[in-house]
Amino acid sequence: GLAGAVVSGLLNGAFYGLGAAYAQGVGFSDVGVATFMAATILGGAAFQWPVGHYSDRHDRRYVMLWVCVVSAGLAALGFVFSLWSENLLIAVGVLYGGFVFTLYGLSVAHVNDLVDSSRLLEVAGGLLLVHGIGAALGPTLAGTIMDWLAPQSLMLFFALILALMAGYTVLRIRAAPAV
C-alpha cells in the first residue's frame with residue numbers, strides 16, 4: 001500500500017505537471033491538449049467505482065497488479081500512438097487515466113484492510129504524505145527524462161514506473177497471504 005501511494009504520487013504529479021507539455025510537445029493543438037487532459041482525467045473519474053467495487057470482492061493485491069500491468073501497457077501504447085495519431089492517443093488517455101488514477105484508492109483500501117481501525121486516520125495521513133512526496137518528485141524525474149529523450153518519453157516514464165510497481169506487487173503477493 002505504501003509503495004502504491006508513492007507510485008501513484010509519482011505518476012499523478014508527473015501527469016498533472018507535465019501532461020499538457022507532453023501533449024503540446026508531440027504536436028497537439030491547444031484544443032487537442034485540453035481534450036487529452038480532460039479525457040484522461042474523466043477516464044480516471046469514470047473507472048473509480050467499477051475498479052473499487054471489483055477490488056472489494058477480490059484480493060486487492062491482484063487488482064493492483066492488473067491495474068499496473070494494464071496501465072503500463074497503455075502507457076507504452078500511448079508512446080507509440082504519440083508518433084501516429086492524436087485521436088488514438090486521446091482514446092488511450094481515457095483508458096490510461098481510468099486505470100492509473102485508481103491506484104491510490106486501491107493502495108489506501110489495501111492498507112485499511114491490514115491496520116487496526118483505531119489507526120486508520122494516522123495511517124491515511126501517512127499515505128497522503130508519501131503520495132505528496134511522490135507527486136513532488138514525479139514532475140522532476142519525468143521532466144528530466146523528457147529533456148534527455150523527447151516529450152514522448154513521458155509515456156515511457158509512466159510505463160517503467162508501472163512495470164516496476166507490478167514487479168514489486170508480485171513480490172508482495174508471494175511474501176504475504178491474502179487478507
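Author: In this predicted model, helix α2 brings Gly32, Thr35, Phe36, Ala39, Thr40, Gly43, Gly44 and Phe47 to its contact with helix α4, which answers with Glu86, Leu89, Ile90, Gly93, Val94, Leu95, Tyr96, Gly97, Gly98 and Phe99. Sorted by class, the residues of this contact are nine nonpolar, eight polar and one charged. Helix α2 covers residues 30–57, and its axis lies 6 Å from that of α4, at an angle of about 30 degrees. Because angles under 35 degrees count as roughly parallel, α2 and α4 are described as roughly parallel to each other. The crossing in which α2 passes α4 is right-handed.

Helix α4, residues 86–100, also packs against helix α3, residues 60–81, and here the axes are 9 Å apart with an angle of about 160 degrees. Since an angle over 145 degrees counts as roughly antiparallel, that is the term for the pair α3 and α4. The crossing of α3 past α4 is left-handed. On the α3 side the contact is made by Val67, Val70, Ser71, Leu74, Ala75, Leu77, Gly78 and Phe81, while α4 supplies Leu88, Leu89, Val92, Leu95, Tyr96, Phe99 and Val100. By class, this contact of α3 with α4 holds 13 nonpolar and two polar residues, with no charged ones. Leu89, Leu95, Tyr96 and Phe99 of α4 are named among the residues that meet α2, and these four are also named among those that meet α3.

A further pair is formed by helix α1, residues 2–25, and helix α5, residues 103–114, whose axes come within 8 Å and cross at roughly 165 degrees. The two helices α1 and α5 are therefore roughly antiparallel, and their crossing is left-handed. Leu2, Gly4, Ala5, Val7, Ser8 and Leu11 of α1 meet Leu103, Tyr104, Ser107 and Val111 of α5. The contact of α1 with α5 is made up of seven nonpolar and three polar residues, and no charged residue takes part.

Turning to the charged side chains, the structure holds two salt bridges. One of them joins the side chains of Asp56 and Arg60, at 3.0 Å from N to O. Arg60 belongs to helix α3, and, if neighbours within four places in sequence are set aside, Arg60 is in contact with Gly52, Ser55, Leu106, Ala109, His110 and Asp113.

The other salt bridge links Asp59 with Arg61, where the closest N and O atoms are 2.8 Å apart. Arg61 has a relative accessibility of 8%, and because buried means under 20%, Arg61 counts as buried. Thr169 is placed in helix α7, residues 153–175, and Thr169 is itself buried, with a relative accessible area of 5%.

Key. Residues numbered from 1 in each chain as written. Predicted model: local features only at pLDDT ≥ 70, side-chain atom pairs only at ≥ 80, totals over all residues. Heavy atoms only, no water. Axes fitted to C-alpha atoms, helices over the stretch in contact; angles between N-to-C directions. Parallel < 35°, antiparallel > 145°, perpendicular 65-115°, else oblique. Left-handed = near helix turned anticlockwise from the far one by under 90°. Contact = heavy atoms within 4.5 Å. Nonpolar A, V, L, I, M, F, W, Y, C, P; charged D, E, K, R; others polar. Salt bridge = Lys/Arg side-chain N within 4 Å of Asp/Glu carboxyl O. Buried < 20%, exposed > 50% of the residue type's maximum accessible area, 1.4 Å probe, protein only.
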